[in-house]
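Have the model open beside you as you read.

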Amino acid sequence: MIECERFGDGFMSQLNLWAYENNVPLTLTMELTPFCNFSCVMCYVRLNKDGADSQGTLLSLEDWLSIAEQAKEMGTLNLTLTGGEPFMYPQFWELYEKLNQMGFLINIMSNGSLIDESVMEKFREYGMP
């Protein structure tokens, strides 16, 4: 375990150095879906549902949870959920709840267009990212 004098200015750099020296992946990014409700020209992850289906299937909830469990065992702390648009992943809320219960510090990279009061209510219920 990392030891440091204080939690302050140098803590994150010490933690990152410790993780580097011990081959610990502190951060994991999970690209949940290749599709989005926008079609921004500059974005490489912008398939629509039909285009995504022609490329293959999404990982299952069980697959994502297995990946997360393995990452947790290796020492991962930070988890980013992205896509495409992560809120379009069919089992987003079930996945989010379980990842939150695992203790990850969760970030969500979203275009924000699907966030409404019902989404905020679910975050209040499951824990804020």
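Contact here means heavy atoms within 4.5 Å. Helices (H or I, at least four residues) are DSSP runs, numbered from the N terminus. Bear in mind that this is a predicted model, where local features need pLDDT of at least 70, side-chain atom pairs count only at pLDDT 80 or more, and totals for chains, interfaces and linings use all residues. Residues are numbered from 1 along each chain as its sequence is written, and side-chain values use heavy atoms, with hydrogens and water left out.

**Helix 4 and its partners**

Let's start with helix 4 and helix 5. Trp93, Tyr96, Glu97 and Asn100 of helix 4 touch Val119, Lys122, Phe123 and Tyr126 of helix 5. Sorted by class, that contact has five nonpolar, one polar and two charged residues. For the classes, Ala, Val, Leu, Ile, Met, Phe, Trp, Tyr, Cys and Pro count as nonpolar, Asp, Glu, Lys and Arg as charged, and the others, Gly among them, as polar.

The table gives the geometry of both helix pairs. Axes are lines fitted to C-alpha atoms over the stretch in contact, and angles run from 0 to 180 degrees between N-to-C directions.

| Pair | Axes | Angle |
|---|---|---|
| Helix 3 (residues 61-74) and helix 4 (residues 92-101) | within 10 Å | roughly 20° |
| Helix 4 and helix 5 (residues 117-126) | 10 Å apart | about 30° |

Angles under 35 degrees count as roughly parallel, so helix 3 and helix 4 are roughly parallel to each other.

On the helix 3 side, Leu61, Trp64, Leu65 and Ala68 meet Glu94, Leu95, Lys98 and Leu99 of helix 4. That contact comprises six nonpolar, no polar and two charged residues.

Where does Gly127 sit? Look in the segment after helix 5. Setting aside neighbours within four places in sequence, Gly127 is in contact with Tyr96, Asn100 and Lys122.

The largest pocket has a volume of about 260 Å³. Of its 17 lining residues, the closest to the centre are Cys43, Val45, Thr82, Gly83 and Gly84. The lining splits into eight nonpolar, six polar and three charged residues. A pocket is an open set of points on a 1 Å grid over the protein atoms alone, where a 1.4 Å probe fits, with protein on both sides within 12 Å along at least five of seven lines; lining residues have an atom within 4 Å of a point. Points are joined across faces, edges and corners, and volume is the space filled by probe spheres set on them.

Methods. Helix = DSSP H or I, 4+ residues; strand = E, 2+ residues; numbered from the N terminus. Parallel < 35°, antiparallel > 145°, perpendicular 65-115°, else oblique.
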